[in-house]
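Trainee: Please take one part of this model and go through it closely. I would like the salt bridges, with the surroundings of each partner, and then a strand for contrast.

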Amino acid sequence: MFRRIKNRFLRYFVIFVYFLILFFCAIELNFLWLFGYSPDMQDIKSPSLSLSSEIYYSDGKLLGKFYKENRSPVEFKNISPNLINALVATEDQRFYKHNGVDFYSFFTSVLSTAKGDRRGGSTITQQLAKNLFETRKKKSQGLLSHVPLLRTVVFKCKEWITAYKIEHVYSKNEIITLYLNTVPFGNNSFGIKTASRKYFNKDPFGLNPAEAATLVGMLKATHTYNPIKNPDKSLDRRNTVLKQMNKYNYLSKADLDLYTAKPLNLDLSYVEDESQGDSYIRRAVEKWLAKWCTDNGYDLYEDGLKIYTTIDSRLQQYAEEAVAEKMKMLQSRFNNLWGKKNPWRDPDGNEIPDYAMKVAAKLPVFKALDKKYHGNIDSIRWFLSKQKKMKVFTWHGDRDTTFSSLDSIQYYARMLNTGMMTIEPATGKIKVWVGGIDHKYFNYDHVNQAKRQAGSTFKPFAYATALDNGFSPCDKFTDQPVSIKFKDGGKDEVWEPKNASFSFSYQEMSLRWAMGKSINSITAQLTEKVGWDKVVAYAHKCGIESPLKSIPSVSLGTNDVSVFEMVRAYSTFLNKGNKIDPILVTKITDQDGNVLQEFTLKSEKVISDETAWLMLYMFRGGMEEPGGTSQALWEYPGLWKKDNQIGGKTGTSSKYVDAWYMGITKDLVTGVWVGADDRAVHFTTTDSGEGSHTALPIFARFMEKVYADPTSGYTWGLFPKPWTKITKQYDCPSPHIKTDTLSADSALLDTALLKLEPEQQKNPTENVLPNK
């Protein structure tokens, strides 16, 4: 066929062109899997960018992001002309003259490289092809990728083909936009919008020539010319870009002199914004949406979703401030209590020997060390005892220190932690989520991951069971020793609970008084009356999902539950007996604002309206009944305006291991847990470790801050009036304790001094409120 061409040089040229066409066709078709994947026209028309998903507070503030590549796209109209001019002047001066491949620049770059002056010849479009379609990544490689020189030729030809396709589909402005949205700028910043915010705290349209030149200059080598890590090199590179802009008439000589004399002037405040980092809420949202993403085929880390949560930024801030203020104080109290003694103790109060090694043995690294040192415990101990530099958490900021692994275990074992959650029962929206004292150092979420003994905060489920099955708040029981026989695993057992005071008053008390004062003996008697199986059933009906062992002590909170479960279950009472599925996310949209999913409240009627309202009245007993366990709230004057009412329940597990407070206002339910992550570490006295002295102050300070903010949407006020006819007697004021003013300690009063106040006899419906 080629012999018909008589001119030898023309024949060779035609043969070369023929095989060149065959070569490019083979690349495009990936002939015999030699060349690897090439993007087709459909890929070019619908490029897939890895976009960060953004999480927002309910009031529209950015809460955080999910990303593999931290990228937020920007439109051409929102890009500063300074950026475009700097890019074209530096990367592709003939950008507006070629159709994707600039052979003139390619051959001149080859000649320059041969002379020792290495420079690139790729156009902006070719670079876009490489960045956007990953033409050199593993999935784009065929069998020829193992042949060094030929591999480079294939890569370059593939970029040319893709560049021509891009130019065929997109305008020059669209190519510029796509390019600036895909290129990396270091520090996990992808795309010009993220980079301009990170380095200059500006949107791309607001960049001046010097700032634009700094960012464009980074494209040659993002690490070498990183303005944070290498400011001097970045400054030199910026000035080179500015000179290129002047050379190609994008910048006047006067402006060149002006901007080259300026320093970098970085504004890194956006980089330091903690809302972009990891947090307990961010992890909770990820877990909450895991099933939705799987069912709907979305990837949180790549699909650029916008996620709108129920978390209120102001309430969240107040909660975090209250936690920091009170937990700092509690940690100081704990340290003073134990002093130089080690706080890790067995159930008998004896120090646990070799504690750090026993904890280390439970860590994944221990298995690797055991294998490495063939089970030689001395060698493992030697390795874990090696000193190394590290940062540790303190309440005065991060501290640089030198610790061994065993030192670190002992240091953090002494740390108290907390979990706190607030919900608005009427809507089911979670308003506050504090998973711990510092997510950077304590990833474990104490709202929904940790499960601890609920102590007396579990008692209301026994009282709710009773009220829903014929009892009334005014029914009376006597605070006296109780002995309950039961079977546990087929074995006969006897349970004889003690009160927190380790004594019995032998006083007859209403159920409201008994719950308000948290009397164990009466709770036990009530549990025996209604049946512990039924108490377990009602707890599950209200929203507790953890397995509960059905034994008489279940009502005293001997089972492990989460803060999330407890807040959800308590919300049932404020929500008229309707159990709710808490909502953490209200809406998900795509990058363009199209709604993908909206989440609404799901509820189920589980207890009667009357029982629910009576339980709210019972919760108020913690403040209003004599000796009520919530009365430490009187110490917070910001809570008591406009006849405000607060209900709640304290809880403390055995040995003061776990401390709880469940607080209820007319609008919100809040749960707080305080304790050490290891149950062997705890307070030792009532005054230091009870829920009223640990968890309650956090709730109180939080609500003070909420009430003090007129824009929070939550104010002081009375509990809701009965939303149904109340058929059971509940107005049964308890007797006040007459205090002998000559006595130095009112706690030493004899029970004979108890009597009903005359004015209460005249007006039994009046609330009985102890003096502050």
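Mentor: In this predicted model, Glu-325 and Arg-701 form a salt bridge, and their closest N and O atoms are 3.2 Å apart. The pair links distant parts of the chain, since the two residues are 376 residues apart. Glu-325 sits in helix α13, which covers residues 313–338, and Arg-701 sits in helix α25, residues 691–708. Glu-325 has a relative accessible area of 35% and is partly exposed. Arg-701 is also partly exposed, at 21% relative accessibility. The contact belongs to a network: salt bridges that share partners join Glu-325, Lys-326, Arg-701 and Glu-704.

Asp-312 forms one with Arg-314, with 3.4 Å between the closest N and O atoms. In another salt bridge, the side chains of Asp-492 and Lys-487 meet at 2.5 Å, N to O. Both Asp-492 and Lys-487 are exposed. Under the rule used for such contacts, the model has 28 salt bridges.

Now the strand. Strand β1 spans residues 53–56. Ser-53 and Ile-55 point one way from β1, while Glu-54 and Tyr-56 point the other way. In a regular strand, side chains alternate between the two faces of the sheet. All four of these β1 residues are buried.

With strand β2, residues 62–66, β1 pairs in the antiparallel sense over four bridges. These two strands form a hairpin with five residues between them. In the turn, Gly-60 has a positive phi of about 90°. With strand β5, residues 306–309, β1 runs parallel, and three bridges join the two. Ile-55 takes part in both pairings: Ile-55 stands opposite Gly-64 in β2, and its bridge partner in β5 is Ile-307.

Terms used: Residues numbered from 1 in each chain as written. Predicted model: local features only at pLDDT ≥ 70, side-chain atom pairs only at ≥ 80, totals over all residues. Heavy atoms only, no water. Buried < 20%, exposed > 50% of the residue type's maximum accessible area, 1.4 Å probe, protein only. Pairing = 2+ DSSP bridges. Salt bridge = Lys/Arg side-chain N within 4 Å of Asp/Glu carboxyl O.
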